[in-house]
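Student: Could you take me through one part of this model up close? I'd like to see how the pieces there sit against each other.

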Amino acid sequence: MKIVRTLAWVLLASIFGASAGAELLALADYSQQFRESPNRAPSAQFPLGTDDLGRDRFSRLLYGSRVSLFLAAAAAALATLIAAAVGATGGYLGGVWEKTAMSGTDLVLSLPWLFLLLAARAALPLNAPPLASMSITFFLLGLLGWAAGARVVRAATRAVKESEYVLQARASGCGPFRIIVAHVLPNLKPVLIAQFWLSIPTFILSEANLGLLGLGVSEPMPSLGTMLREMESVSRIASYPWIVAPALLLLLVVSCFQVVLRGEQRPL
Amino acid sequence: MKFRGVLVNGLTALLVTCSALLGQGELRFCLRSEPRTLNPLLTADESSEAVRYLTAGVLIRMNRLTQVLEPELVKFWKVSEAGRTVQFELREGLRFSDGTPFSAEDVAFTMRALMDPQLRSPVGDSFRSAQGVPEVTVTGPRSLSVRFPSAVAGVERLFDQVAMLSSRSPLKEKAVLGPFLIGEHKPGVHIRLDRNPHYWKHDEQGRRLPYLDSIYLEIQQNREIEFTKFQRGQVHLINALDAEQFQRLSRESPGITHDSGPSLDSEMIWFNQAPSAPIPQFRKDWFRSRNFRRAVSAAIRREDLCRMVYLGFAQPAAAPFSAANRLWHNPALRPHEFETKAALRLLALDGFRLENGVLKDSAGNRVEFSLVTNAGNKAREKIAAMVQADLAQIGIRLNVVALDFPSLIERISRSFSYDACLLGLTNVDLDPNGQMNVWLSSAANHQWNPGQKTPATSWETEIDRLMYAQSSELNQKKRKASFDQVQRIIWEEAPMIYLVHKNALSAVARTVINARTTALRPQTYWNAERLRVSVAAQGGAR
C-alpha cells in the first residue's frame, strides 16, 4: 500500500508541477487558434490534437489543470477554514452556539447550491477578466462547500472537549477562545487535513459541472470542466478518442487524492 | 432452397409494393420537448406548433416548398378595400374529425376565440393592432368576410397559423380538420396522432389522404439519443441536425441527409445603445458610432465562422433575411468584408488609435467590452471565442460571458446592464410585417435601443417610415422596394451585425416515401399527408 501511496503522491506532484510550469511545457498559447487545423489528430505539433477552433489541446490541458487544481485547492482551504471555525466553535461551546452553528450548517447543506452559483455568477460584473471571474466562482464554491466538513469537525471537537488536557486548561482559567485556538484546533489537525484533501476533488468536479453547463471559465481560458464539455457526445468520442484526456486526468487526480487520503486518515 | 429464396424475395417485394399502394405505416420522429399546450390557438413553442401543424385545418396554407399561399379549407379568397377586408368562400362538405360539419360559423367562432383578451393567444396578437381587432361577418353557410381596422399588406398569410375550431362539437378543440388527430397523449413520453377519418383531401388518383395510419411523436430532449435512435432506425426523421451530426450521417449513409441551404435563422451581435443603460458614457459613445460598429463587423471573419463552427454548412450573413426567404431576401447586399486595415481606418475616423496592440479611444480609454450570450449553446460559444480572437487583431479586448437564459433576458430587456450581445433569431414568418416588433424604434424587441418614444437617430426614423409604408402598401413591388431599403439601412448602420445564416440540415430515412425537405419549418414533414412509410421499414427506419 505504501508503494501505491507513494506513486499517488508522485503522480499528484507531477500533475501539479506540470500545470504550474505550463508556460515551459506548452507548445503553443492556449488561446491561439490555428484555424487551418481544427480537430486535428495528435501529432508532434499537437500532442493531443486540436479542438474545434484549432487550439492545441495539450496546452489547454496544462493551463486548464492549473486553473482547476490550484483554484480548487484554494477553495478547499477556504472551505476547511470555515468548517473549522463553525464546527470547533459549535462543538466546544455547545448549547445555543452549537444549535445555531448546526442550524446554519443544515441550512447551507439544504441550499440548491447550483442555482445559487448560477445566480451569483449572473450577478458578477460582466467585464471581469476570465481569471477574476473564475477566482470568484471558486471563492463561491469555497463559501458554500464548508457545511459537511463543519459537521465532522464539530463531532471531533466534542471528543476533544472531554479530554483531560482541555479540562486542565479550563481549570487553569483559559478562556474558550484560547482553548479552541491553542488546544482544540491543533488536535483536530488530522481531521482538518483530511477535510482539505477531500474537498479538492469535490471542487474540481463542481467546476467541471459548471463547465458542463457552460458556466465555467470564460473564453478563452481553459479548465478541466470546459474541456470535459467536448465529451458530451458519445459519437464524438468515437471519432476523436483523444478528447477523453481531460476526463482521464481528472480521474487520475481524484483517484490519487483518494489513495493519499486513505493514508492520511488516522484515528484521533 | 433456391425456390424458397425467390419466394421470400418475391413476397417482400410484394409487401413493399402493397405498403406503398395501400399506404399503411407509422411515421416516427422526436419532439424536443413536451408541448406546452395542445390548444392550437395558444401555441408558441416548437413542439406545440408541430402538433398544430399536423392536426389543424387552416383556411390558407403557405406551401413550404414554393413559398406560395394556397387555398386549404377555402375554395378561394379575395382581398378588397385596399387590404382591409378578406372574403372567404369555404369548400363544400368538410367535416371535423368527429363528423361535425364545418361552416362559416366555425370560422367566426374561431376568430372570436382568437381575439378573446382572456385567452391571450399569441396567434391572435398578429391580428390585433392599435386600431382594434378584425370584425367577422358571416354572409352565408360557406362565405364570410374578415374586416381589419386598417389596411394590412399580405394579411392573408396570417391565416396559415389559425387552426379552425368547431363551434358545435362536444370535443371542442380536439375536433380537428387537419390530416391527423390526437389519438393518445402520455405527457413526457409520447403523442400518437391517428389518421383523421374525415380529412377532406384526396390524391390525384382520388384516394383519401393522409396515407399514413399514424404518427408517433416521441418526446425526447436529448439530441444525442434522438440521433442514435435515427441511426438504429427507431425514428424516421430529424428535422434539424447540427452540422457535426449531419456530416457524420452523410459519411455513414449518403442520401438520407438533406441540406436545404440557408435557413431563416441568423446569428448576430448588437451593441447596447439604450440611453438608460448603466454602462460608462464612453462605451455608449463607442456603441452609438456607426464607424465603430462597422469596424467591428469588418474585423470578423464570417467565412471562418461558417467553416469552423458550422463545418461549412452556413452562409455569411448580410441582412435579416437569408436567401431562404425568396420573396424578401435582398441579393444586392453582401456580407461586410473582412478587412482589418479597413476596420482600423474606420476606427481612426472616430479618434481610435492602436498603441502596442491595444486599441484606445480619443480619451485614452482602452477599448474593452463584454459580449453576453446564453450558456449551453456550443455553436454560439464558439462564435464568441472566434469573434474574441478576431477583435484582438485590432486591439479590442472582448470578455465573453455565458449566462443562463433568464439572467441574459433580464440584462438585455430589463436592466440593460450589458455591452454587447450575441444571439440568434429564428424567423418563422416570411413577411416583414412579422418583424415590425424588431425594426420599429418603439418596439420592445428593437434590441439595441428598445421602446423609444421618438426615434433616436435619423436612420431609425427612416426605418420606421419604411416599415409603416410597406405594411400598408398592397403593391408587392413597392413593398419589396421599401423593405429592401430597410435592409440596406441595417446593413449600412449595422445596429445588428449579422454573422451567419446556418443551413437547414435534416435527415429522412430512405423508407419514408414522398419526403421533400425545405428550409422552412417543418422542414421534413410539411407534406405529412402525402408521406408514406413502407412496411419493410417497420423493422428499421433506415
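Tutor: Chain B and chain A bury about 2500 Å² between them, with 46% of it on carbon and sulfur atoms. Keep in mind that this is a predicted model. Chain B puts 33 residues into the contact and chain A puts in 30. On the chain B side, B:Met308, B:Lys378 and B:Arg411 lose the most area to chain A, together 20% of what that side buries.

Now let's zoom in on two helices of chain A. Helix H4 (residues 95–110) packs with helix H7 (residues 147–161) at an angle of about 155°, and their axes are 8 Å apart. Angles over 145 degrees count as roughly antiparallel, so that is what H4(A) is to H7(A). Their crossing is left-handed. From H4(A), the contact is made by A:Glu98, A:Met102, A:Thr105, A:Asp106, A:Val108 and A:Leu109. H7(A) answers with A:Ala147, A:Ala148, A:Ala150, A:Arg151, A:Arg154 and A:Arg158. Sort the residues of this contact by type and you get six nonpolar, one polar and five charged.

While you're on H7 of chain A, look at A:Thr157, which has its place in that helix. With a relative accessible area of 0%, A:Thr157 is buried. So what is A:Thr157 in contact with, leaving aside its neighbours within four places in sequence? You'll find A:Gly87, A:Ala88, A:Gly91 and A:Tyr92, along with A:Val184 and A:Leu188.

Terms used
Residues are numbered from 1 along each chain as its sequence is written. Chains are lettered from A and ligands numbered from 1 in the order in which they are written. This is a predicted model: local features need pLDDT of at least 70, side-chain atom pairs count only at pLDDT 80 or more; totals for chains, interfaces and linings use all residues. Side-chain values use heavy atoms; hydrogens and water are left out. Axes are lines fitted to C-alpha atoms, for helices over the stretch in contact, and angles run from 0 to 180 degrees between N-to-C directions. Helices (H or I, at least four residues) and strands (E, at least two) are DSSP runs, numbered from the N terminus. Angles under 35 degrees count as roughly parallel, over 145 as roughly antiparallel, 65 to 115 as roughly perpendicular and the rest as oblique. A crossing is left-handed if the near helix is turned anticlockwise from the far one by less than a right angle, and right-handed if clockwise. Contact means heavy atoms within 4.5 Å. Ala, Val, Leu, Ile, Met, Phe, Trp, Tyr, Cys and Pro count as nonpolar, Asp, Glu, Lys and Arg as charged, and the others, Gly among them, as polar. Buried means under 20% relative accessible area, exposed over 50%, partly exposed in between (1.4 Å probe, protein chains only). Buried area is the accessible area (1.4 Å probe) that two parts lose on being put together, summed over both.
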